[in-house]
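Dear colleague,

Please find below the structure that I am handing over to you. A written account of the findings follows it.

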There are 2 protein chains.
Amino acid sequence: MRPGFAFHVDAASPDGARAGVLTTPHGSVPTPLFMPVATLASVKGVDIGRVAETGAGMVLANAYHLHLRPGEAVVEQAGGVAAFMGWNGPTLTDSGGFQVFSLAQQVRVTDAAASFRSHIDGSAVELTPEASMRIQERIGADVAMQLDHVVPLPAPREAVADAMQRSLRWAERCLAAHRRRDQALFGIVQGGLEPDLREESAVALCRLGFDGYAVGGLSVGEGPEAMVAALHATVPHLPTDRPRYLMGVGQPRDIIAAVAAGIDMFDCVLPTRCGRNSLVYTFDGQIRLRNACHALDSRPLEEGCPCLACRHSRSYLRHLFLAGEMLGPILASIHNLTFYQRLMARLRDGVVSGQFDKVCLSLLARLGHHPENAG
Amino acid sequence: MRPGFAFHVDAASPDGARAGVLTTPHGSVPTPLFMPVATLASVKGVDIGRVAETGAGMVLANAYHLHLRPGEAVVEQAGGVAAFMGWNGPTLTDSGGFQVFSLAQQVRVTDAAASFRSHIDGSAVELTPEASMRIQERIGADVAMQLDHVVPLPAPREAVADAMQRSLRWAERCLAAHRRRDQALFGIVQGGLEPDLREESAVALCRLGFDGYAVGGLSVGEGPEAMVAALHATVPHLPTDRPRYLMGVGQPRDIIAAVAAGIDMFDCVLPTRCGRNSLVYTFDGQIRLRNACHALDSRPLEEGCPCLACRHSRSYLRHLFLAGEMLGPILASIHNLTFYQRLMARLRDGVVSGQFDKVCLSLLARLGHHPENAG
């Protein structure tokens, strides 16, 4: 990796799960790591001090969203996205590829560029690999992502292959356009659920040479088995000395499976999105806080959880949601973010202690419980 | 005052502004004090730890709202409203009188009770002085308020006198019905803008004997001069050794005027309500965060303010509001709550240092500025 960056694997399980450390100019983070999503330079509903208290070490922001609002000039003037939002640790920006294909309107893709209309005001935007690099350099995260072409699954093999090949051509242009020496650049493996396309994409990207490698185009409705199969078709072709990042995944059991498959980095909006909707994660499964069974329940969401929400009773948290108080979404988001960080810590400890398989089995068994029914 | 409670005046200005300490079973708070409003046992958008960080010493909740949601049984089971919301300091509940007359539907008042329909689901509710005491005892704040009859101003003298007399009769019934020895009970002076009615109400209440005295029925659109006149008609008839509480007030300049008139306690939703609407208070006047002039402004809202929001730039805070991020309302509410606490501290310091008039003049001069225009 380039100067200022490092990735070191401390321990690995026999099957390939890894415990490591990712170093950036803004600090080091143990892996496997989970990045809370600060789409617009704000983790929804959680102030940045509280984000740090959840145990998060690295935060993701979104170049597409920040380009539209407030614009990269505003972020750059603040000293970059970390300074803009008051975060002291490492940051990563997604290139905007996924958002263009999921949020924007009237998308037209040619080799030259992705052309589309803003989901905010309908204005015309053209995103080239070069523009994406320029935007991400100005936003100034520690890690930038190549622009890629994402197709929703299921899709015909033809379309998947076409998008994968285009992503490779864009990868090369991103590498050529990227100037900031204090910013790492990750390539993104595409290829849908086709093992040979995933392999072709991974091998070609590695030949180009990136600071890290992401697996993109998953968590788009393909199901957990298909996701794991795609990982197994990809990971063996990635270098062991570079971080591997599975974009946008996911549910706790998906993360466990992906760590087992050798993934080091994750991001997902689920902890905050579910939290806003009164759904909280615990190691004994999910809790729907609006349910009547919590009305007089004096227990915290999870015994032993150090988060702010767990200083309150389920009864209080349920009341906040039923009364429409903002504090309900705030506290549930904080709890879920804390849960994800505790999950990552347990997986890491499992690798380090040589007990990874046992830890995974135990986690999966408990996550399958239904604590609301168990009373 | 009853055992466990005390009110001590440390210093007073020649004109009657006071600096004191209010002691309750849950701790002591310097006065003049400002209580953030936790209507439904939550200060809107601000977790209770952050509320404490603003410098707040005492929090207000609302018996009417908590009676409807989640019901006093839920709050009582949690050990009272302070434990329910995780607040370690003193609390006060408003009786619900003001909410009945401002929020509820189909209100009918007789000497027996206020009958109305819930603003949540239209169900019929009957609130008697005895029921209000029972509800507030179960909610369990340190300080309960008598049930009073509030009329919106302007109103015919006849109606004001009638409501004031009814409030007095209800005051007597509240005193008779109130059982909790670890909960103080405050009477509420009514009488609108009629000086003789205010005097009559104050004198009669003092004859009944309460732990403290509130001035009610103001901040309902009467304007600042009328409010101060009503205070001057009331305060001289209240005992000097009991706390005086001006309910629901208000803007910073109203609070300054009321402290000058001898008031010790305040509550108001303005800091959080304005904060949610991107209006922030500073000692140099108000700032409307959505204004374009803040787009690239790297300054904090207020130099020297220790709050969380002031670790960010105005540019970032404006972006949060324009992007519809929850964090905008959260941070602006925290700033405004902090501003109010700093205002109270300056007023108290003014009394203690013998410089109260000077402090007030200086505060009022700066508050009149328009920092956005001053650039």
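This is a predicted model: local features need pLDDT of at least 70, side-chain atom pairs count only at pLDDT 80 or more; totals for chains, interfaces and linings use all residues.

Residues are numbered from 1 along each chain as its sequence is written, chains are lettered from A and ligands numbered from 1 in the order in which they are written, and side-chain values use heavy atoms, with hydrogens and water left out.

**Chain A as a whole**

Chain A contains 15 helices and 17 strands (DSSP runs numbered from the N terminus, helices being H or I of at least four residues and strands E of at least two). Its radius of gyration is 20 Å, close to the 21 Å that the globule rule gives for 375 residues, so chain A is as compact as a globular protein of that length. The radius is taken over C-alpha atoms, and the rule is 2.2 Å times the number of residues to the power 0.38. The C-alpha trace of chain A spans about 60 × 50 × 40 Å along its principal axes. Of the 375 residues in chain A, 59% are buried (buried means under 20% relative accessible area, exposed over 50%, and partly exposed in between, with a 1.4 Å probe and protein chains only). Among contacts in chain A with a separation of 6 or more, 66% join residues 24 or more positions apart (contact means heavy atoms within 4.5 Å).

**The interface between chains A and B**

At the interface, 36 residues of chain A are in contact with 35 residues of chain B. The two chains bury about 2,900 Å² between them, 59% of it on carbon and sulfur atoms; buried area is the accessible area (1.4 Å probe) that two parts lose on being put together, summed over both. A:His319, A:Glu325 and A:Met326 supply 20% of the area that chain A buries against chain B, more than any other three residues.

Between the chains there are 12 residue pairs in polar contact, both residues being at pLDDT 80 or more. A polar contact is a pair of N or O atoms within 3.5 Å; within protein, one must be able to donate a hydrogen and the other to accept it, and residues adjacent in sequence count only if both atoms are side-chain atoms. The side of chain A that touches chain B draws two or more residues from each of several elements, including helix H1 (48-53) and helix H13 (327-352) of chain A. The largest share, 5 residues, comes from H12(A). That side of chain A divides into 21 nonpolar, 8 polar and 7 charged residues. Here Ala, Val, Leu, Ile, Met, Phe, Trp, Tyr, Cys and Pro count as nonpolar, Asp, Glu, Lys and Arg as charged, and the others, Gly among them, as polar.

**Salt bridges**

The whole structure holds 36 salt bridges over all chains (a side-chain nitrogen of Lys or Arg within 4 Å of a carboxyl oxygen of Asp or Glu). Across the interface of chain A and chain B there are 4 salt bridges. B:Glu325 forms a salt bridge with A:Lys44, with the closest N and O atoms 2.4 Å apart.

Within chain A, A:Arg348 and A:Asp10 meet in a salt bridge at 2.8 Å, N to O. A:Arg348 lies in helix H13 and A:Asp10 in strand S1 (residues 6-12) of chain A, so the pair ties together parts that are 338 residues apart in sequence. A:Arg348 is buried at 17% relative accessible area, whereas A:Asp10 is partly exposed at 43%.

A:Arg18 forms a salt bridge with A:Asp264, the closest N and O atoms being 2.7 Å apart. Relative accessible area is 5% for A:Arg18, which is buried, and 0% for A:Asp264, which is also buried.

A:Asp111, A:Asp162, A:Arg166 and A:Arg169 are linked in a network of salt bridges.

**Local backbone features**

Most residues other than glycine have a negative phi, and most peptide bonds are trans. The peptide bond from A:Thr31 to A:Pro32 is cis, with omega near 0 degrees, and A:Pro32 is found in the loop between strand S3 (27-31) and strand S4 (33-35) of chain A. In chain B, the bond from B:Arg69 to B:Pro70 is cis, with omega near 5 degrees.

A:Gln106 is not a glycine, yet has a positive phi of about 50 degrees; A:Gln106 is exposed, at 61% relative accessible area. A:Ser278 has a positive phi near 70 degrees and is buried, at 5% relative accessibility.

With kind regards
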